[in-house]
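Dear colleague,

Please find below the structure that I am handing over to you. My notes on what was found in it follow directly after it.

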Amino acid sequence: MTSYCDYCTSHPEDTFNKIYHDTQYGFPLQDDNLLFERLILEINQAGLSWITILKKADNFRKAYDGFDIEKIAKYSEKDRARLLADAGIIRNRLKVNAAIVNEQRILELSKEFGSFKGWLDANRPLTKEEWTKLFKKTFVFTGGEIVNEFLISTGYLPGAHQADCPVYKKVASLRPAWMRK
């Protein structure tokens with residue numbers, strides 16, 4: 001199987017994946033809204049290609065109020081209907097519901113851990129399997145692949161870049177969670 005690094009190198013015409021690979025994938029995130037955004041984008045990718053999500057990312061940000069956790073906490077049935085009618089995003093009832101329910105769960109975690117990031121940091125390091133069990137217990141619509149990609153893409157699990165990829169050094173210089181014991 002070709003790695004994401006190899007794919008991006010061999011497909012320079014795919015600027016969506018190249019930009020994401022070079023500037024976001026594997027880079028540690030500090031902001032809860034950005035972590036929540038990444039989780040929701042990974043959930044929406046289920047069953048679809050990542051390029052579909054990358055092309056719709058700006059639409060998602062607009063539809064979900066910039067992934068502002070406080071704003072989404074106040075979403076009503078009217079907001080659910082608005083999201084399900086928005087052709088710019090993935091109009092899947094389970095995925096829209098997951099965004100709203102998971103955001104509410106993040107607010108609950110924040111009461112105990114100070115933030116979503118605080119909860120992630122308090123539970124690391126875990127194996128992929130342990131993370132998956134924890135996410136399934138805590139959130140909805142979070143299967144193994146979603147959890148794996150979320151954690152790799154945000155620096156909680158290794159594997160975003162090959163050691164010979166120039167971006168690997170950039171990510172490593174930021175000391176993502178998987179590098180800290």
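In helix α8, which spans residues 116-123, the residues Phe116, Lys117, Gly118, Trp119 and Leu120 are buried; buried means under 20% relative accessible area, exposed over 50% and partly exposed in between, with a 1.4 Å probe and protein chains only. Helices here are DSSP runs of H or I with at least four residues, numbered from the N terminus. The cover over the buried residues of α8 includes α3 (32-45), α7 (93-113), α9 (128-138) and α10 (144-153). At the start of α8, a side-chain oxygen of Ser115 comes within 3.5 Å of the backbone nitrogen of Lys117.

This is a predicted model, in which local features need pLDDT of at least 70 and side-chain atom pairs count only at pLDDT 80 or more, while totals for chains, interfaces and linings use all residues. Residues are numbered from 1 along each chain as its sequence is written, and side-chain values use heavy atoms, with hydrogens and water left out.

Helix α10 contains Ser153. Ser153 is buried, at a relative accessible area of 0%. Its side chain reaches the backbone oxygen of Phe150 at 3.0 Å. Leaving aside residues up to four places away in sequence, Ser153 touches Tyr20, Gln24, Tyr25, Gly26, Phe27, Arg38 and Glu42, where contact means heavy atoms within 4.5 Å.

Next come the aromatic rings. The whole structure has 16 aromatic pairs; rings of Phe, Tyr and Trp (its six-membered ring) pair if their centres lie within 6.5 Å, and planes under 30 degrees apart count as stacked, over 60 as edge-to-face and the rest as tilted. Trp131 and Tyr156 form an edge-to-face pair, with 6.2 Å from centre to centre and 70 degrees between the planes. This pair links distant parts of the chain, since Trp131 is in helix α9 and Tyr156 is in the loop between α10 and α11 (166-173), 25 residues apart. Trp131 is buried, with a relative accessible area of 1%, and Tyr156 is buried as well, with 6%. Both belong to one aromatic cluster, formed by Phe116, Trp119, Trp131, Phe135, Phe139, Phe150 and Tyr156.

Elsewhere, Arg82 lies over the face of Tyr75, at 5.4 Å from the ring centre. For such a placement, NZ of Lys or CZ of Arg must be within 6 Å of the ring centre and within 35 degrees of the ring normal.

Yours sincerely

Key: Helix = DSSP H or I, 4+ residues; strand = E, 2+ residues; numbered from the N terminus. Polar contact = N/O pair within 3.5 Å; in protein donor to acceptor, adjacent residues only side chain to side chain.
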